[in-house]
Amino acid sequence: MADVKETRFRVEGMDCASCASKIDTAVRRMPGVSDVSVSVTAGTMRVEHDAESDLEAIRRRVSGLGYAVTPAGAVAEKPAAQHEHGPNCNHDHGHSHDDGHDHHDHAGHDHDAPKTAAIEGLHGHDHGPSEGPWWKGKKGRLTILAGAALVVAYAVGHLFPDIETYAFMIAMVVGLLPIARRAIMAALAGTPFSIEMLMTIAAVGAVVINATEEAAMVVFLFLVGELLEGVAAGKARDSIRSLSTLVPKTALLDEDGRTKEVPAETLAVGAVILVRPGDRISADGTIIEGESAIDEAPVTGESTPVRKDVGDTVFAGTVNGDAALRVRVTAAAADNTIARVIKLVEEAQESKAPTERFIDRFSKYYTPGVVVVAALVAILPPLFFGGIWSEWVYKGLAVLLIGCPCALVISTPAAIAASLSAGARRGLLMKGGAVLEGLGKLTAIAFDKTGTLTEGKPKVTDVVAFSASAEEVLRLSAALEAGSSHPLALAILAKAAEDGIVPPVATGSRALGGKGVTAAVEGKEIFLASPKAAAERVALSAEVQAATTALNDDGKTVSMLIVDGVLAGAIAMRDEPRADAAAGLKALRDLGIKTVMLTGDNARTAKAVGAELGIEVRAELMPEDKQRIVGEFQREGFVVGKIGDGINDAPALAAADVGIAMGGGTDVALETADAAILHGRVGDVALMTDLSKRTMRNIVQNISLSLGLKGVFLVTTIIGITGLWPAILADTGATVLVTLNALRLLRPIK
């Protein structure tokens, strides 16, 4: 296993499942290659091979089919690439030279010209840039030329009926010649039953039985269908690549108080950039100066700007609102959140779903089967039942065209690619079609508490006044905690700042191990401590003890403030549930999914949060306990999803049917689980499961549409109602309809 390596290539010019199938077949036959996975939408190919494999020979084999091929990253050991990502994973997170910008130069540069010039256009699809108007591509020009030849043939046939047959034959050859050449190349590379081969047989057969007009029309309609298919595939491809255009090309680098404009891709980790109001932020980073509302809609889909202050994280591609910010860069261009999202989605699209693998296997037998059925339709009736040869050969050719598997083969990957892209734009990352399918089947979801259902940091919930006012209690407590980085101290300071309280200066501050902190403030001795430590200094009345117990029962941590030996008040803090946690859990229950909280936290705190959110609680668990409970649910017949932070929940994440990491966009969140919710919204879990179910419905629709149309036209062709024209429309039309139906999944997720 250790000597199996994995290399990813960028492949320019693919736009349908037929492309992927030809490349897959050709590369799989190369020495040393153990597995191949091709993504049409991402424009990538992943090859698993041994250490002796000739990568240049693989590249030449694919370029021999008419594609521009470039390596997309360094060779990686397969186990490390796929199974051993950890928090310090340092493998390629996106390639700065291939980050979704327009890299089509390999089809035209001199070093590739000798290899590709002779075979340009040998495949059924345009292998030049997919950008720009459709009529500027080779595919568009060929379609226009074939259409013009057809119009000329009709005009010549009308004026000179005697040569009508030859005019249509010439019109047919204009479009068919490139198709036939591609069919031969595909056959030599190991795909004899390609769409181009079936098309070529049907067109030549139509000429043999003197149906030249229909032969020319069928070739033209085939080219139109492929053109439409390419446009639709381009939309799916652009949906995720367009993310890369969100990141500005330049940044204002702040050095020694002076700013200068530099390319964003040159920013190093630790550099400081200036972001003016209205500017797009050019790198992932942390705010070190300034406060502003950040519009994160381009990256997260969140419609309301988010207020960000010093210490908060910002993402590349988001828009600064109303104030200038100084931001310390935390990730290089190739490692920023958007680059990693793009790479993860591309890799996910290379991973086939179970449904897709079944369709691929089915089509390998289906296409030769269609050829056999078409031959039987053409031969048996005239041979044994006195049928007319020309009539039944015509019907056999129509059956050949009807049976083309394009729509069927594209039905699943088109839907999955669109779904993965739509999810990524919302911050929902799913590592492949199998995960996407699995999400829709979940019947139970186990949540971690801290940082998943809750914010992960305590907040002041109550300021209780005893002998001093609530404002005074908060003011003096903040004075004690100034400069501390302890989470409880930060909570008190944040509350004081929120209420506009400026804490006075404390002197002689010192911590009393395990008890609290003491200092002199404005000439008074101040002591902030736990209730137990406070009780050692002052007597706590029954009223105070009752109030403390009530706060503790709500899962809150209580600190008491003593001023000159007198109990002044108390501050209660708790790691509060995320704002959307209750609604997100209700959305899951409405979908019929069982929810449970698995936490290592103490039972009282966990039950208080659970009661507020309306979720079943299992508390005081070790990591192995969480794994055991997931297994128990599975034995009870549940399909279990586990949601956590990707580190201490690792055993349970691995044991679950689908492991989902919550929040942050960290290496761990992106690498260790099957899926990740980057922006920490509990409601996104329900959106993810709903997206999965919609995708599976879309796939069923696509398969039904493609097979249903073929079935209808097969019957009408055999009984003589329809002929070659409707047959080709049944194929290319179904392919376009299936692709457009899949693209409906690209609509923004609500």
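The accessible surface of the protein chain comes to about 31200 Å², and 59% of this surface belongs to carbon and sulfur atoms. The model described here is a predicted one. Of the 750 residues in the chain, 53% count as buried. The chain contains 26 helices and 27 strands. Among contacts between residues at least 6 apart in sequence, 70% join residues that are at least 24 apart.

**Nonpolar cores**

The largest nonpolar core has 44 residues. Those with the most contacts inside this core are Met-430, Leu-439, Ile-445, Phe-447, Leu-453, Ile-660 and Met-688. Helix H13, which spans residues 406-425, provides the largest share of the core, with 8 residues.

**Aromatic pairs**

A search of the whole structure finds 2 aromatic pairs. The table sets out their geometry.

| Pair | Distance between ring centres | Angle between planes | Type |
|---|---|---|---|
| Tyr-154 and Phe-168 | 4.9 Å | 80° | edge-to-face |
| Phe-633 and Phe-638 | 5.8 Å | 85° | edge-to-face |

The planes of Tyr-154 and Phe-168 stand at 80°, so this pair is edge-to-face; the cut-off for that class is over 60 degrees. The pair links distant parts of the chain, with Tyr-154 in helix H5 (residues 138-159) and Phe-168 in helix H6 (residues 164-188), 14 residues apart. Tyr-154 is partly exposed, with a relative accessible area of 31%, whereas Phe-168 is buried, with a relative accessible area of 1%.

In the pair of Phe-633 and Phe-638, the planes stand at 85°, and this pair is therefore edge-to-face. Phe-633 is buried at a relative accessible area of 4%, while Phe-638 is partly exposed at 24%.

**Charges over rings**

Two further aromatic residues have a charged residue over the ring. Lys-395 lies over the face of Trp-392, at 4.1 Å from the ring centre. The charged end of Arg-537 sits over the ring of Phe-527, 3.9 Å from the centre of that ring.

**A residue in helix H21**

Thr-605 is located in helix H21, which covers residues 603-613. The relative accessible area of Thr-605 is 14%, so this residue is buried; the cut-off for buried is under 20%. Apart from neighbours within four places in sequence, Thr-605 is in contact with Lys-449 and Gly-555.

Definitions and conventions
Residues are numbered from 1 along each chain as its sequence is written. This is a predicted model: local features need pLDDT of at least 70, side-chain atom pairs count only at pLDDT 80 or more; totals for chains, interfaces and linings use all residues. Side-chain values use heavy atoms; hydrogens and water are left out. Helices (H or I, at least four residues) and strands (E, at least two) are DSSP runs, numbered from the N terminus. Buried means under 20% relative accessible area, exposed over 50%, partly exposed in between (1.4 Å probe, protein chains only). Contact means heavy atoms within 4.5 Å. Accessible areas come from the Shrake-Rupley method with a 1.4 Å probe; for residues, only the protein chains shown count as cover. A nonpolar core is a set of buried Ala, Val, Leu, Ile, Met, Phe, Trp, Tyr and Cys residues joined through side-chain atoms within 4.5 Å. Rings of Phe, Tyr and Trp (its six-membered ring) pair if their centres lie within 6.5 Å; planes under 30 degrees apart count as stacked, over 60 as edge-to-face and the rest as tilted. A charge sits over a ring if NZ of Lys or CZ of Arg is within 6 Å of the ring centre and within 35 degrees of the ring normal.
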